[in-house]
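Here are a few exercises to work through with the model open beside you. Try each task before reading its solution.

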Amino acid sequence: MQKAEKRQFSLFDNIGSNQCITFNELKLEQMLIDLKKYIENKVINTSDTYFNIAYHRDPIITHDEKTGLYSLRFAQSSDSERLLSAYESNMNIEPIKLLGVGVAKGALTSIKSYIDDNPGITTKEVLEHFKIFNYPTYKWTHAQSTSLNEINFVKKLIIDWAILKEEMQLDLFEGKFTFMRTNKRAKTGDQTNVIPQCFDGMCLEQNFMKMIRQVQAD
């Protein structure tokens with residue numbers, strides 16, 4: 001008797017034959033297969049933020065001569081990084097315009113309050129106050145391999161994934177994305193896993209996460 005082949009998972013198992021599959025959905029299908037393979041092979045490290053990277057910034061690739069390993073690190077996407085990017089793209093940006101770069105509500109409140117309390121302050125002074133020039137950070141190693149070609153492949157894969165998940169506005173808490181996470185036991189609806197951390201010296205986002213977890217516990 002012939003042994004049945006192990007079937008690969010598919011995003012489209014529950015899609016009817018009369019439904020149209022878009023080009024982005026096909027890209028996502030292959031992307032998830034590739035990500036799963038490289039995570040299982042321990043080339044790509046799991047990420048509880050689903051690879052929430054600042055994909056417009058060049059990543060860092062380092063080589064350890066002793067181990068032969070190439071390491072890939074991306075800048076983390078966060079409110080601080082977005083504020084820095086806005087300033088880098090236009091150093092003449094007015095302080096009040098910082099409120100429109102897409103940061104979290106808590107960060108908006110803090111920035112607006114500081115600007116209101118300090119009439120005539122410059123944008124650079126605002127950013128210095130909130131320690132924005134400490135960014136970007138490259139804290140996490142996203143992938144490791146002895147092959148530079150493999151590192152370059154997964155670099156493009158992770159960047160393409162980060163762009164596509166934003167374009168498609170994916171619900172990252174669906175079960176098909178769980179394989180990416182380190183903490184697979186966390187509640188499916190726990191949005192705190194993808195909240196950017198540390199807007200300023202007071203670390204607003206981490207404080208928000210603590211409050212959210214407390215509310216969920218209650």
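**Exercise 1: the sheet**

Task: work out how β1 and strand β2 (residues 70-73) pair, and over how many bridges.

Solution. Step one: β1 and β2 run antiparallel to each other and share four bridges. Strands here are DSSP runs of E with at least two residues, helices are runs of H or I with at least four, both numbered from the N terminus, and two strands count as paired if DSSP finds at least two bridges between them. Before going on, note that this is a predicted model, where local features need pLDDT of at least 70 and side-chain atom pairs count only at pLDDT 80 or more, while totals for chains, interfaces and linings use all residues. Residues are numbered from 1 along each chain as its sequence is written, and side-chain values use heavy atoms, leaving out hydrogens and water.

Step two: find the partners. Ile-60 sits opposite Arg-73 of β2, and His-63 has Tyr-70 as its bridge partner.

Step three: look at the turn. Six residues separate β1 and β2 in this hairpin, and Gly-68 in the turn has a positive phi of about 80 degrees.

Three strands make an open, antiparallel sheet in the order β1-β2-β3. At the edges, β1 (60-63) and β3 (143-145) each pair on one side only.

**Exercise 2: two helices**

Task: at what angle do α1 and α5 pack, and how far apart are their axes?

Solution. Step one: the angle is about 135 degrees and the axes are 10 Å apart. Axes are lines fitted to C-alpha atoms, for helices over the stretch in contact, and angles run from 0 to 180 degrees between N-to-C directions.

Step two: classify the angle. The pair α1 and α5 is therefore oblique; angles under 35 degrees count as roughly parallel, over 145 as roughly antiparallel, 65 to 115 as roughly perpendicular, and the rest as oblique.

Step three: list contacts (heavy atoms within 4.5 Å). Among the α1 residues that meet α5 are Leu-28, Leu-32 and Leu-35, and the α5 side includes Val-154, Leu-157 and Trp-161.

**Exercise 3: the core**

Task: which residues of the largest nonpolar core touch the most other members?

Solution. Step one: the core has 28 residues, and Leu-32, Leu-35, Ile-44, Val-154, Trp-161 and Met-180 touch the most other members. Such a core joins buried (under 20% relative accessible area, 1.4 Å probe, protein chains only) Ala, Val, Leu, Ile, Met, Phe, Trp, Tyr and Cys residues through side-chain atoms within 4.5 Å.

Step two: trace the suppliers. The largest share, eight residues, comes from α5.

Methods
Buried < 20%, exposed > 50% of the residue type's maximum accessible area, 1.4 Å probe, protein only.
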